[in-house]
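Here are my notes on this model, written as numbered points. Keep the structure open while you read and look up each residue as it comes along.

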Amino acid sequence: MEAGAGAGEQLSLGAVRDQLIREEDSIVFALIERAKRPRNAPAYSSAGAGAGVGGSLAEFFVREAEVLHAKAGHYQKPEDVPFFSQDLPPPLFPTKGYPKVLHPSASRVCVNDAIWKMYFDELLQLFTVDGDDGNYAETVALDFACLQAISRRIHCGKYVAEVKFKDSPQDYTPPIHAKDSNALMNLLTFKAVEEKVKKRVEKKARIFGQNVTLEEDSVNQQGGNACDSECKVDPKVLSKLYDLWVMPLTKDVEVEYLLRRLD
Ligand SMILES: O=C(O)C(=O)C[C@]1(C(=O)O)C=C[C@@H](O)C=C1
């Protein structure tokens with residue numbers, strides 16, 4: 001969480017939501033970047049893996065990239081969660097500590113397996129065109145950026161849950177003691193907020209993904225909407241991503257965090 005949102009003692013729902021809004025930009029841009037390349041299916045198959053490499057190029061790349069990131073000091077914050085956490089090395093450079101505003105069990109909350117499955121089994125097919133241009137290394141680097149951005153946003157749910165608990169401990173304590181996940185899910189759900197989030201990410205995809213030209217009569221740069229078929233990523237894919245996966249998984253993170261909040 002950035003300074004000002006989660007850094008101070010007064011973590012507020014408004015500040016955490018502002019951070020979630022900022023994370024949307026990272027997700028939209030990461031998808032736009034990945035959409036430059038076609039699907040490139042061989043990057044996801046273990047069939048062509050070199051000697052000593054068990055999985056696909058995508059898995060190899062993420063594992064190796066996370067080792068480098070960990071050495072550089074990444075994964076110290078509760079929202080930065082690696083996909084392959086086993087045996088990650090410690091940072092080789094000094095890292096600046098972050099304010100401990102969450103319950104210590106926050107570090108055990110992780111939904112990256114579900115994010116991994118969703119990304120490769122469902123999402124990729126929705127925003128990349130069928131094809132193979134051979135740029136596999138670049139492709140998996142772009143996948144890694146998408147995965148990181150999505151994971152970070154979803155694990156910010158730990159802060160959302162902490163604020164909600166602090167704001168109304170009297171509402172959250174009974175279902176936490178009763179381990180009632182459904183009651184917690186109902187308490188933390190705001191349908192009206194979810195509708196706005198979906199509309200906003202769709203609009204961001206429409207604005208960030210349009211082609212910018214210098215032609216005077218360009219409708220798009222005068223505030224009009226780019227035609228969705230001309231956008232680099234179909235804006236509807238963004239609202240679907242949030243509706244079906246990002247917000248539900250954020251809420252799963254919130255519930256998992258709350259269930260441990262009084263341990
Ligand atoms: O803003 C909140 O209150 C959240 O919990 C975050 C979020 C989301 O993922 O965007 C999730 C659940 C709510 O129903 C609304 C939005």
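1. Start with asparagine 40, which sits in the loop between helix 1 and helix 2. Helices here are DSSP runs (H or I, at least four residues), strands are E runs of at least two, and both are numbered from the N terminus. Asparagine 40 has a positive phi of about 55 degrees, although it is not a glycine. Is asparagine 40 buried or exposed? Its relative accessible area is 0%, so asparagine 40 is buried. For the cut-offs, buried means under 20% relative accessible area, exposed means over 50%, and partly exposed is in between (1.4 Å probe, protein chains only).

2. Before going further, a word on where this comes from. This is a predicted model, in which local features need pLDDT of at least 70 and side-chain atom pairs count only at pLDDT 80 or more, while totals for chains, interfaces and linings use all residues. Residues are numbered from 1 along each chain as its sequence is written, and side-chain values use heavy atoms, with hydrogens and water left out.

3. Now compare aspartate 87. It has a positive phi too, of about 60 degrees, and it is not a glycine. You'll find aspartate 87 in the loop between helix 2 and helix 3 (112-127). With 76% relative accessibility, aspartate 87 counts as exposed.

4. Back to the loop between helix 1 (13-34) and helix 2 (57-72), where serine 56 lies. Serine 56 counts as buried because its relative accessibility is 11%. Which residues does serine 56 touch, leaving aside neighbours within four places in sequence? They are Ala43, Tyr44, Ser45 and Ser46, where contact means heavy atoms within 4.5 Å.

5. The C-alpha atoms of glutamate 79 and arginine 153 are 7.5 Å apart, although 74 residues separate the two along the chain. Apart from neighbours within four places in sequence, the contacts of glutamate 79 are Met1, Ser151, Arg152, His155, Cys156 and Tyr159. With tyrosine 159 there is a polar contact between the two side chains, at 2.9 Å. (A polar contact is a pair of N or O atoms within 3.5 Å; within protein, one must be able to donate a hydrogen and the other to accept it, and residues adjacent in sequence count only if both atoms are side-chain atoms.)

6. On to the ligand. How many residues surround the ligand? There are 14, and the closest are Arg17, Lys164, Phe190, Glu194 and Glu254; a residue is near a molecule or strand if one of its heavy atoms lies within 4 Å of it. By type, the shell divides into six nonpolar, two polar and six charged residues. (Ala, Val, Leu, Ile, Met, Phe, Trp, Tyr, Cys and Pro count as nonpolar, Asp, Glu, Lys and Arg as charged, and the others, Gly among them, as polar.) Helix 9 gives the largest share of the shell, four residues.

7. Look at individual atoms around the ligand next. Lysine 164 has a polar side-chain atom 2.6 Å from a ligand oxygen. For phenylalanine 190, a polar backbone atom is 2.7 Å from an oxygen atom of the ligand.

8. Finally, the salt bridges. Side chains of opposite charge can pair when their charged atoms come close. A salt bridge is a side-chain nitrogen of Lys or Arg within 4 Å of a carboxyl oxygen of Asp or Glu, and the count comes to 25. Glutamate 162 pairs with arginine 261, the closest N and O atoms being 2.7 Å apart. Glutamate 162 is in helix 5 and arginine 261 in the segment after helix 9, so this pair ties together parts 99 residues apart in sequence. Both glutamate 162 and arginine 261 are buried.

9. One more pair: lysine 198 and glutamate 195 form a salt bridge, with their closest N and O atoms 3.0 Å apart. Why are these two separated by about one helical turn? Because they are three residues apart in helix 8. Lysine 198 counts as buried at 16% relative accessibility, whereas glutamate 195, at 40%, counts as partly exposed.
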